[in-house]
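Hi everyone, thanks for coming. Let me put the model up on the screen, and then we can walk through rings, a pocket and a core.

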Amino acid sequence: MQQVQEVKLRIKGFHDQGREQEEPIEIVTIGQMIQQKDFLCVKYDEVIDEDENGIVQTQKNTLKIKENHVEILRQGTNLVFMPNQTTFNYYTTPFGELEITIHTTCVEKNDYDGGFRINIQYEMEMNQTFISSCNVSVAVEF
């Protein structure tokens with residue numbers, strides 16, 4: 001039987017598009033972690049919009065963590081990060097699909113007492129055009 005464990009996630013993302021200094025994006029949320037046979041699965045909701053009446057829209061996300069391999073599954077896309085590899089993905093929008101290319105340079109998982117941190121560094125292209133250099137850090141606390 002799989003055991004579901006509630007966890008706290010702190011996700012920080014930085015995108016350098018070669019222009020002015022970009023502010024990092026940070027999300028803090030609660031999720032559920034499940035240890036599968038050959039990977040760790042962390043599911044969480046992300047607030048994507050809040051209207052003037054305070055009604056919040058969320059998006060369900062899943063992190064699949066394997067040895068030197070992280071996948072982020074979101075509505076409309078499945079991003080795959082593998083060190084020193086290039087992956088091709090498609091992002092579905094109401095206006096059609098966009099091709100996303102990810103050149104991953106680093107995926108590191110560091111365990112510590114009470115949790116772990118994953119750092120991912122990559123470059124992103126959309127429809128074969130450079131978009132940004134990115135750095136994402138995911139801290140999971142038990």
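For a charge to sit over a ring, NZ of Lys or CZ of Arg has to be within 6 Å of the ring centre and within 35 degrees of the ring normal. Lys109 also has its charged end over a ring, that of Phe116, 4.7 Å from the centre.

Some housekeeping: this is a predicted model, where local features need pLDDT of at least 70, side-chain atom pairs count only at pLDDT 80 or more, and totals for chains, interfaces and linings use all residues. Residues are numbered from 1 along each chain as its sequence is written, and side-chain values use heavy atoms, with hydrogens and water left out.

Now, the aromatic pairs. Ring centres of Phe, Tyr and Trp (its six-membered ring) must lie within 6.5 Å; planes under 30 degrees apart are stacked, over 60 edge-to-face, and the rest tilted. That rule gives two aromatic pairs. Phe81 and Tyr122 make a tilted one, 4.8 Å centre to centre with 55° between the planes. This pair links distant parts of the chain, with Phe81 in strand 6 (residues 77-81) and Tyr122 in strand 9 (residues 115-126), 41 residues apart. Strands here are DSSP runs of E, at least two residues, numbered from the N terminus. Both Phe81 and Tyr122 are buried, that is, under 20% relative accessible area with a 1.4 Å probe, protein chains only.

The tilted pair of Phe116 and Phe142 has 6.3 Å between centres and 55° between planes. Phe116 lies in strand 9 and Phe142 in the segment after strand 10 (129-141), 26 residues apart. Why does Phe116 count as buried? Because its relative accessibility is 2%.

On to the core, meaning buried Ala, Val, Leu, Ile, Met, Phe, Trp, Tyr and Cys residues joined through side-chain atoms within 4.5 Å. The largest nonpolar core has 25 residues, and Leu9, Leu63, Phe81, Tyr122 and Val138 touch the most other members. Strand 9 gives the largest share of this core, five residues.

Last, the largest pocket, about 620 Å³ in volume. A pocket is an open set of points on a 1 Å grid over the protein atoms alone, where a 1.4 Å probe fits, with protein on both sides within 12 Å along at least five of seven lines; lining residues have an atom within 4 Å of a point. The points are joined across faces, edges and corners, and the volume is the space filled by probe spheres set on them. Of the 23 lining residues, the closest to the centre are His15, Glu46, Arg74, Leu79 and Tyr122.

Methods. Helix = DSSP H or I, 4+ residues; strand = E, 2+ residues; numbered from the N terminus. Buried < 20%, exposed > 50% of the residue type's maximum accessible area, 1.4 Å probe, protein only.
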